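Colleague: I have just opened this entry and would welcome a guided look. Could you take me through it?

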Amino acid sequence: MSIVDSEKVARAMRQASQEFIMPRFKALKDHEIDTKSSPTDLVTLADIEAEAYLEKVLPEILSGSIVVGEEGISRGHHDMSSLEVGSGKNVWVVDPVDGTHNFVHGRKEFGVMVALVSNGVCVAGWIYDVLQDSMTHAFLGEGAYIDNVRHYMPDSEKSFKEMVVHLSPKFFPSDIKAEMKEKSAKLDNVYTIGCSAHEYMNVTKGISDSIVYCRLMPWDHLAGSLIVQEAGGVVSKWDSVPYKPQDLYDGLIVARNEDGWQKVYDKFFADMDMEAYMQARREKLRSLGKI
């Protein structure tokens, strides 16, 4: 039994898009665009105002719930400890404009992403394709839906060359970034859309076959990973361990089936001692106070 009314969440996401996002698409003024961690890490007034709207409306849908948003985290106003198992909290995880760089440059690949985490477990997710006015959503154990129609992911085995794979080396650790960049540059079927929302939707719909991620910010992945899995796909970390809302740095492979997951792993990671690498990476992150 779903703990929230999906239509109410969908209406809130559409309203945020109509009021704060679409009026600024291809109409942003210079003072409405800023940067965060780097010159290419953009934030706009659309991100900020859409998140503020959802931060107000979503807790009204589920009494006692709170919101963790990408922009709130960036400003230090939100705390991700509420996503921990045992917190006892219902938490909305919001990405008000996923694919902000695309949005700023007038490209169509951007969207709104919302996930609901209950006591540390992702139980629901929504992805809204703003320009197409199309909503994809899923509840844990209840399947995936595109515009309220139950959706089952197309399943077929392909050779790696036949697959479409999304990967961007941008956020990979410095010790393997050059290697990932070199590997992906040699492959015509590997590229990034620059928007997790559209990459997850593409895999769900069978347009694409797999995605490889490194940095695992929850607003980028919780909704999409649940939707893919509820549609019949496979999502797990590089070391085959299931992905959880608490994971931030371990890397992820998303695929339409186990065969595709394995083919992608073999292409990019088979020459690594993954167990040793992940252990060393976690030790380094622990020493830096990041985990």
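Modeller: We will begin with the whole chain and then turn to some of its strands. This is a predicted model, in which local features need pLDDT of at least 70 and side-chain atom pairs count only at pLDDT 80 or more, while totals for chains, interfaces and linings use all residues. Residues are numbered from 1 along each chain as its sequence is written, and side-chain values use heavy atoms, with hydrogens and water left out.

Colleague: How many helices and strands does the chain have?

Modeller: The chain has nine helices and 14 strands. Both are DSSP runs numbered from the N terminus: helices are H or I with at least four residues, strands are E with at least two.

Colleague: What share of the residues is buried?

Modeller: Of the 291 residues, 54% count as buried. Buried means under 20% relative accessible area, exposed over 50%, and partly exposed in between, with a 1.4 Å probe and protein chains only.

Colleague: Changing topic, which way do the residues of strand β12 point?

Modeller: In β12 (residues 210-213), Ser210 and Val212 point one way and Ile211 and Tyr213 the other way. All of these are buried. In a regular strand the side chains alternate between the two faces of the sheet.

Colleague: In which sense does β12 pair with β10?

Modeller: Strand β10 (residues 165-167) and β12 are parallel, with three bridges; two strands pair if DSSP finds at least two bridges between them. His166 stands opposite Ile211 of β12.

Colleague: And how many bridges join β12 to β14?

Modeller: Four bridges join β12 to β14 (residues 252-255), and these two strands run antiparallel. Here Val212 stands opposite Ile253.

Colleague: What do β7 and β8 form?

Modeller: They form a hairpin with three residues between the strands, and Gly141 in the turn has a positive phi of about 80 degrees. Strands β7 (residues 134-139) and β8 (residues 143-146) are antiparallel over four bridges, and Phe139 has Gly143 as its bridge partner.

Colleague: Which residue has a positive phi in the turn between β8 and β9?

Modeller: Asp147 does, at about 50 degrees, in a hairpin with two residues between β8 and β9. Strand β9 (residues 149-151) pairs with β8 in the antiparallel sense over three bridges, and His151 is the bridge partner of Ala144.
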